[in-house]
Amino acid sequence: MTQTIRLRVNGAVREVGVADDELLCDMLRQRLDLTGTKVACREGVCGSCDVLYDGAVVRSCLVLACQADAASVVTVEGLAEDGCLSPLQQAFVETGAVQCGFCTPGMLIAATAALCEASADWDDHEFAEAIAGNLCRCTGYAKIIDAIRQVVATGGTR
Ligand code: FES
Ligand code: FES
């Protein structure tokens, strides 16, 4: 069975036909061509499929696409504005926080949400907490935390 859902994705209203058992991550990648969202474990463990869902970080492998009817979803592609990287994306580039890049979209989504709550007195604990639910096999996390620290130090929120 399929059904048509209507949702907002990266600010644009989209109507999408989805199967009843289709996952949100697969809909984003395969029907909307938003392949920035990565899929690894498919069981909610790694964080590579994170998206912002009505403003909260959600594992898109744990959500049925049909559940997203009327929702607002932001993927990593939606973090840039007018072709410019967000401050956090730029900080990832500048600090060398990306190696293979597979975890990067999820890291950016999780840290972007966390930075909305950031304050100038954040220390290493808060920097690490911002990405505590996301796994990276390459970087050892230090450069990713450097990127988050850089954004906080410059007064950025994303
Ligand atoms: Fe969704 Fe790993 S693919 S949490
Ligand atoms: Fe490769 Fe994180 S950069 S998994």
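Of the contacts in the chain (heavy atoms within 4.5 Å) with a separation of 6 or more, 55% are between residues 24 or more positions apart. The model is predicted: local features need pLDDT of at least 70 and side-chain atom pairs count only at pLDDT 80 or more, while totals for chains, interfaces and linings use all residues. Residues are numbered from 1 along each chain as its sequence is written, and side-chain values use heavy atoms, with hydrogens and water left out.

**Overall fold**

- The chain has five helices and five strands, taken as DSSP runs numbered from the N terminus (helices H or I, at least four residues; strands E, at least two).
- From the N terminus on, the order of these elements is β-β-α-β-β-β-α-α-α-α.
- The radius of gyration, taken over C-alpha atoms, is 16 Å, close to the 15 Å from the globule rule for 158 residues, so the chain is as compact as a globular protein of that length; the rule is 2.2 Å times the number of residues to the power 0.38.
- Buried residues (under 20% relative accessible area, 1.4 Å probe, protein chains only) make up 46% of the 158 residues.

**Packing of α2 and α5**

- Helix α2 (residues 87–95) packs against helix α5 (residues 142–153) at an angle of about 130°, with the axes 8 Å apart; axes are lines fitted to C-alpha atoms over the stretch in contact, and angles run from 0 to 180 degrees between N-to-C directions.
- On the α2 side, P87, L88, A91, F92, E94 and T95 meet K143, I144, D146, A147, I148, Q150 and V151 of α5.

Technical notes
Chains are lettered from A and ligands numbered from 1 in the order in which they are written. Buried means under 20% relative accessible area, exposed over 50%, partly exposed in between (1.4 Å probe, protein chains only).
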